[in-house]
Amino acid sequence: MTAPHHMPDLFALSEINGPVVRPGERGYADEVTGFNLASLHTPDVAIGATGPDDIVTAMRWAAATHTPVAVQATGHGANFPIEHGLLINTSRMTDVHVDPTTRTATVAAGAKWSHVMAAAAPHGLAGLCGTSTDAGVIGYTLGGGLPVLGRAYGFAAELVRSFQVVTADGRLREADPRHEPELFWALRGGKGNVGVVTSLITELLPLPRLYGGGIHCHAEHTETLLRAWTDWTRTVPDEMCSMFSVLRLPPIPQIPEPLRGGFWARVAIAWPGDPAEGEALIAPLRAAAPVAVDMVEEMDHAALDRIHMEPQDPLPARECCLLLRDLPPGALSTFLEQVGPAAGAEHPLLVASLRHMGGALARPSAVEDAVCARDAGYFMESVGIMPAPPVAEAVEQATRRLYTAMAPYGTGRTMVNIHGTPGDEQDRARAWTPEVYARLRHDKATYDPADLLRYGHAVTPA
């Protein structure tokens, strides 16, 4: 992990069309700062890639100089500070081309889901986006991609038809089920361990509208709503997607009234079918406890940010997750003890959530991939905001308490995109089954034997 004391000559990088900057130079902060401000990056050099050629040049230089490489588009998943080495910023590469005939989108390395949604919506199409359209398509999909409508349609990685990727030797390759099938496998769920993706082609779905939003109850009704939601999840069709959350929202302008500054229990739902049927299906939730704010409505698919209302401005966050086998009564009681009203209104975790898995998320992919979350019945995730050291320490302690307490109900695994700060190899390996991790290590040794792509949630070469 240690970088050379002196940076190699940068002359070869002069061929790059985008900016090439070092610490202290103008524009450096803009290139290295991502959405998650908890991880402050300090690479020895950063480039702003404008296209595949820039990435090829950068990777060839890195290989020749034995310089480790990190990649960042939006920085939503920046859970690990990048020190030394080379940072490739792909945020300028935002082209999206939609083919309505084949119902596909060709998406460049730095494009966000908002770019895809805007390009697809005029054709009545949409992609399998996660809870925020501000997130980058490539990083999200490389980690498997857990969509808002996952129970209905599966993981986003399953819809990818092909990748264009630069491997550590500086070769630009096309990977699909027939050409470079092993590389294609590793890129769908293995994160960025085998190359730098310059673009992908993904299928789109005919989803112009959906029925979704949040049902909010005051904190004193948390247990009632949680137990009702858990029972309800055992009865709903596969197409009904939902998440229960405990929200301790700060009094900041980015949060809409009347939720601002409140302590809430929320069930967020997303239903791609007939709105009237969706309304009938969620009637038991509305009847379970007094609803203070009901934001469930029919909406354009491109407006799905209104369902989970995730922050749109950069902030320092600590996220974490755990795949759960089920939610027996003991798990619900433990969750409530840790983050419910009994834990206090000043508890440092901003959000603690339980997502309903199963449905299409449990079905095998038509083309084998490296996603390892199909055996989970539920998924727990949390977010804490860490603006200063005392708060950061409280967030860290609360996170560890929650996941230690819930571990007996887990599968032992996480999802790579929401794993949080990657620890040692044993900790990082928890994002996959032992068999898949061993295969990824073999692929890492094949495509990146010098371990240039060693930052973030890295796999150790076999």
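Tutor: What follows goes through an open sheet, then a pair of helices, then a strand with its two partners. The model is predicted.

Start with the open sheet. It is built from 5 strands in the order E5-E6-E9-E7-E8, with antiparallel pairing. Its edges are strand E5 (96-99) and strand E8 (172-175), each of which pairs on one side only. From one strand to the next, the twist averages 15°. Helix H3, residues 113-120, packs on this sheet and touches E5 and strand E6 (104-108). The direction of H3 makes about 35° with that of E5.

Within the order given above, E9 stands next to E7. Strand E7 covers residues 160-166 and strand E9 covers residues 196-203; the two pair in the antiparallel sense over 6 bridges.

Next come the two helices. Two packed helices are described by the angle between their axes and the distance between the axes. For helix H7 (residues 222-233) and helix H11 (residues 329-339), the axes come within 11 Å and cross at roughly 150°. Angles over 145 degrees count as roughly antiparallel, and H7 and H11 are therefore roughly antiparallel to each other. The crossing of H7 past H11 is right-handed. On the H7 side, the residues in contact are Thr222, Glu223, Leu226, Arg227 and Thr230. They meet Pro329, Leu332, Ser333, Phe335 and Leu336 in H11. Sorted by class, this contact of H7 with H11 has 5 nonpolar, 3 polar and 2 charged residues.

E17 is mostly covered, with 6 of its 8 residues buried. Strand E15 (residues 317-324) is joined to E17 by 8 bridges, and these two strands run antiparallel. In that pairing, leucine 323 has phenylalanine 379 of E17 opposite. Strand E16 (residues 349-356) is also antiparallel to E17, with 7 bridges joining them. Here leucine 349 is the residue opposite glycine 384 in E17.

Technical notes:
Residues numbered from 1 in each chain as written. Predicted model: local features only at pLDDT ≥ 70, side-chain atom pairs only at ≥ 80, totals over all residues. Heavy atoms only, no water. Pairing = 2+ DSSP bridges. Helix = DSSP H or I, 4+ residues; strand = E, 2+ residues; numbered from the N terminus. Axes fitted to C-alpha atoms, helices over the stretch in contact; angles between N-to-C directions. Contact = heavy atoms within 4.5 Å. Parallel < 35°, antiparallel > 145°, perpendicular 65-115°, else oblique. Left-handed = near helix turned anticlockwise from the far one by under 90°. Nonpolar A, V, L, I, M, F, W, Y, C, P; charged D, E, K, R; others polar. Buried < 20%, exposed > 50% of the residue type's maximum accessible area, 1.4 Å probe, protein only.
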